[in-house]
Amino acid sequence: MVAVEPVAASVGVWQAVLGARREELNALLARARAAGASPEALREALVEVGPAVEDLAARVPRSALDALAPALVAVVCELVQSSLWTERSPQRWAVLTVMASLPVALTRSPQACLDVLVTGAARLSGSTDLDAWGRRLAAADAVITTNDELRLAATVAAWRSGLVRSRGAALRSAAALPDAALAAVLDLPDAAGEPSARQTLAANAADPFSWPQLPATGLVASYGGHRGLGGPWTSVPRVLGAHRADTPTWVVRTDESDWVLIADAHGHTVLRAQDSALTAVVEGPEVSPDAVVPVMTWADEVTGAHRAQGAGGTDGTDGTRAAASGGAVPGGAVLVSRRTSYRVHLVRVP
């Protein structure tokens, strides 16, 4: 049976915290065992948490660690009994890697902070750069003053780190964040002459591929690829058209079926058309290869080229509607397919 035992004064901070609240924490462990959690797995998980708590101890008062202990042990117990405390678990990663970098949020509200970390990591895994997400949250921690701001910052950081389908929610969340928190979580270049965070977001609300250091013309990104090399399909794709959508959304045909590609300045996702829940009509007309080839100097034949189509407005950071008339997204964003390429290419043309 795993249980928190009395500890001597010379042991580590985590063991001392556990010992000081052992009756309360033993009750949590007993409930986890009753729910099927292995005593050995619980013990190993609590030991694993130790270094993160020791790291946190250098940044927060002991009273904050005492307040953290029940919430942290409860999270560990829930993950262990749900078989989610594993080597590849994003929730475990968030606790062991990111938790200690949020001392302000943890001191303010341990439960709210752990909820944001654990649920956020689980939702974002596989579609986001989790390391970047955690780093951006940590950068904003010192200037975030409420739990609501932490949740908003987590949404913005997720979009900034590659969760393209959260763009609309991220722009709305960004509008509610204070300037200092917004600048930190967006991780923008800090140099004279660079646009402010608000200016950068306003430009992106109008043109989803507008962001500092992205090219104004030419190749912006390539997507897809052969499945044998980690891509989603096994035959050469062809761009068919673009849906009207707040975040640029194209239809690509390959493997005898249609696929949907959603992309913006920070990331992309590729879905089978039947899994995308899109019902809008694909828009045209096709962009002439003559507009694309001079920019890219390709010798290969262009088989499809379509501009992104706005949906009639993405919420701007000031609460207004950007690109309210719909139609082609500003900035000349064109998705291009080629006769011999398993990838499709996002190109900005004049």
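Q: In this predicted model, is Arg-135 buried, partly exposed or exposed?
A: Let's start with the numbers: Arg-135 has a relative accessible area of 47%. Buried would need under 20% and exposed over 50%. The label for Arg-135 is therefore partly exposed.

Q: Which residue forms a salt bridge with Arg-135, the closest N and O atoms being 3.7 Å apart?
A: A salt bridge calls for a side-chain nitrogen of Lys or Arg within 4 Å of a carboxyl oxygen of Asp or Glu. For Arg-135, the closest N and O atoms of the pair lie 3.7 Å apart. The partner is Asp-187.

Q: What separates Asp-66 and Arg-62 along helix α4?
A: The side chains of Asp-66 and Arg-62 meet in a salt bridge at 2.9 Å, N to O. Both belong to helix α4 (residues 62–81), where they are 4 residues apart. That spacing amounts to about one helical turn.

Q: How far apart in space are Thr-217 and Val-347, C-alpha to C-alpha?
A: Thr-217 is in the loop between α12 (197–206) and β1 (218–224), and it touches Arg-348 and Pro-350. In sequence, Thr-217 and Val-347 are 130 residues apart. In space, their C-alpha to C-alpha separation is 7.1 Å.

Technical notes: Residues are numbered from 1 along each chain as its sequence is written. This is a predicted model: local features need pLDDT of at least 70, side-chain atom pairs count only at pLDDT 80 or more; totals for chains, interfaces and linings use all residues. Side-chain values use heavy atoms; hydrogens and water are left out. Helices (H or I, at least four residues) and strands (E, at least two) are DSSP runs, numbered from the N terminus. Contact means heavy atoms within 4.5 Å. Buried means under 20% relative accessible area, exposed over 50%, partly exposed in between (1.4 Å probe, protein chains only). Lists of a residue's contacts leave out its neighbours within four places in sequence.
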